[in-house]
Amino acid sequence: MARTGLAAAARVAHWADGALGPGRDGAGSEGSGTLSDETAARAAADLGLTAAQVRADWDTARLAGLVEVHGDNARPGWRLRAWDRDDSAVLRGWVALFDAWSLAFPEPADREPAAVAEVVSAMPQVLSFLQLSAGPVPVEQLLDLLEQRVIELRTERCEIPYGPQPEPVEEPETADAPLAPLLDWALRALASVGALTYGDGQATLTPLGSWAVWVKLEQICVAAQSPAGNIEVAAEEMLRGCAQLRPNAARAEYRAWLAARPVGSAVTELLGAARGDDALLRGLAFEALRVVGAPAEPDVRSVADEPTLRPYALLWLAEHDGIDPEDAHEVLTREEATWLWVDTAAAVADHGEAPMLVRHLESALQPTVPQLLDEVRAVGHPRTVQVLVALAAAHPDPALAKAVRRAAFQVHTGG
């Protein structure tokens with residue numbers, strides 16, 4: 001259903017990617033990502049549509065994230081790139097359109113913006129009722145619910161002033177304005193994006209609309225059940241709070257934290273935490289990014305050239321592309337794998353116990369300790385000295401500890 005509903009928008013977006021991409025001769029936008037008359041006419045001719053249809057499909061593509069607007073320029077979004085191979089990208093695109101339903105259908109021109117905003121704020125409760133009803137609901141019943149919710153919203157924002165008060169004035173006409181026309185607009189807008197069917201005095205969620213509302217409700221429940229209470233803190237603090245959790249509990253915490261914020265800003269925060277000095281947070285940040293999944297792909301791919309993040313990014317991308325996690329390390333070069341070994345050792349040295357560091361030595365790719373020390377020195381990790389000193393202090397074999405200590409001294413002195 002999502003593919004069908006977005007097919008026309010995807011067609012226009014693919015056309016723009018092919019006809020107006022870098023290095024191609026094409027007319028662009030007039031600003032804010034809207035199509036120029038010349039471009040709309042050209043697309044209409046190429047696709048066998050009217051210019052009005054092209055503009056409508058283009059607007060849908062923008063709302064669904066198939067096209068991303070940056071200043072006066074528009075470019076293909078990651079959802080368009082993943083359209084043919086990733087069903088979750090299609091579903092996320094439709095959910096983005098669903099979230100933007102109030103922009104997809106012109107609002108009544110004769111209604112005050114404040115009244116429109118109240119109805120938009122109240123509609124999630126109306127949609128939840130429709131979802132729970134699991135069938136047609138009379139519009140009169142939805143209107144009663146909408147009116148109750150609008151009254152609640154007005155009561156919630158009511159402030160009791162202090163001090164002498166002026167004479168009461170008449171309330172704006174929007175306060176008592178009938179909500180039926182606005183409910184009609186909202187239901188028509190939701191029908192236009194495929195979330196419900198509306199006619200004969202009743203409304204019914206489509207299967208896709210019911211699924212989307214269920215997902216929203218689930219996100220609210222997940223966010224409310226944050227097991228470690230880190231939902232409102234920044235990414236770095238959240239990751240530190242997850243450091244002592246078992247993997248399943250940590251993933252539940254990541255899901256709760258992610259459910260409470262836009263995916264784009266969440267990914268940016270996680271990558272920012274990964275760039276810090278704490279290697280443990282780097283590893284945990286990419287575990288959280290695994291929970292994010294496909295929406296994080298463009299950002300993860302963009303950091304694959306940063307030396308500090310490259311091994312983590314390459315492993316993430318390999319797993320995202322379907323490679324078994326146990327085999328994903330094969331995408332790393334020997335140097336990248338050694339760098340990752342040192343980074344992980346730094347995390348263990350900072351946050352783990354001595355036996356863990358000794359066991360980590362056994363996970364090295366190199367068959368002998370001298371060979372490991374040679375390659376560790378060659379990769380130039382900034383924590384090499386501290387890792388080797390900690391390993392020497394932890395290892396029970398005096399001869400091996402001495403060799404590791406000598407290597408640490410040589411790195412420290414540049415020898």
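This is a predicted model: local features need pLDDT of at least 70, side-chain atom pairs count only at pLDDT 80 or more; totals for chains, interfaces and linings use all residues.
Trainee: Noted. What does Arg-275 form a salt bridge with?
Mentor: Its partner is Glu-306. The closest N and O atoms are 3.0 Å apart.

Trainee: Which parts does that pair tie together?
Mentor: Arg-275 sits in the loop between helix 13 and helix 14. Glu-306 sits in the loop between helix 15 (297-302) and helix 16 (310-320). The pair therefore links parts that are 31 residues apart in sequence.

Trainee: What about Arg-282? What is its salt-bridge partner?
Mentor: Asp-343, with the closest N and O atoms 2.9 Å apart. Arg-282 is in helix 14 and Asp-343 is in helix 17 (residues 334-351), so this bridge ties together parts 61 residues apart in sequence.

Trainee: Is that pair buried or exposed?
Mentor: Both residues are buried. Arg-282 has a relative accessible area of 4%. Asp-343 comes in at 0%.

Trainee: Which residues do salt bridges with shared partners join into a network?
Mentor: Arg-85, Glu-297 and Arg-301 make up one network.

Trainee: How many salt bridges are there in total?
Mentor: The count is 21.

Trainee: Give me another one. What does Arg-240 form a salt bridge with?
Mentor: Asp-278, and here the closest N and O atoms are 3.0 Å apart. Arg-240 belongs to helix 11 (residues 235-242), while Asp-278 is in the loop between helix 13 (263-274) and helix 14 (279-292), so the bridge joins parts 38 residues apart in sequence.

Trainee: Which of those two is buried?
Mentor: Asp-278, at 13% relative accessible area, which is under the 20% cut-off. Arg-240 is partly exposed at 41%.

Trainee: How many bridges join strand 6 to strand 7?
Mentor: Four, with the two strands running antiparallel. Strand 7 covers residues 202-205. Thr-197 stands opposite Thr-204. Gly-199 faces Gln-202 across the pairing.

Trainee: And how many bridges pair strand 5 with strand 7?
Mentor: Two, also in the antiparallel sense.

Trainee: Which residues of strand 7 are on its covered face?
Mentor: Ala-203 and Leu-205. Gln-202 and Thr-204 are on the uncovered face. In a regular strand, side chains alternate between the two faces of the sheet.

Trainee: What about the hairpin? Which residue takes a positive phi?
Mentor: Asp-200, with phi near 55°. The hairpin of strand 6 and strand 7 has two residues between the strands.

Trainee: Surface next. Which residues form a nonpolar patch?
Mentor: Leu-91, Trp-211 and Trp-214. Together they have about 280 Å² of accessible area.

Trainee: Where does Trp-214 lie?
Mentor: In helix 10 (residues 207-224). Trp-214 is partly exposed, at 44% relative accessibility.

Trainee: Zooming out. How many helices and strands does the chain have?
Mentor: There are 21 helices and seven strands.

Trainee: What share of the residues counts as buried?
Mentor: 42% of the 415 residues.

Trainee: And what is the accessible surface of the chain?
Mentor: About 21,900 Å². Carbon and sulfur atoms account for 54% of that surface.

Trainee: Last one. What share of the contacts joins residues 24 or more positions apart?
Mentor: 62%, taken over contacts in the chain with a separation of 6 or more.

Conventions: Residues are numbered from 1 along each chain as its sequence is written. Side-chain values use heavy atoms; hydrogens and water are left out. Patches are made of residues with over 30% relative accessible area and no salt bridge: like charges are joined within 9 Å, nonpolar side chains (Val, Leu, Ile, Met, Phe, Trp, Tyr) within 5 Å. Accessible areas come from the Shrake-Rupley method with a 1.4 Å probe; for residues, only the protein chains shown count as cover. A salt bridge is a side-chain nitrogen of Lys or Arg within 4 Å of a carboxyl oxygen of Asp or Glu. Buried means under 20% relative accessible area, exposed over 50%, partly exposed in between (1.4 Å probe, protein chains only). Two strands pair if DSSP finds at least two bridges between them. Contact means heavy atoms within 4.5 Å.
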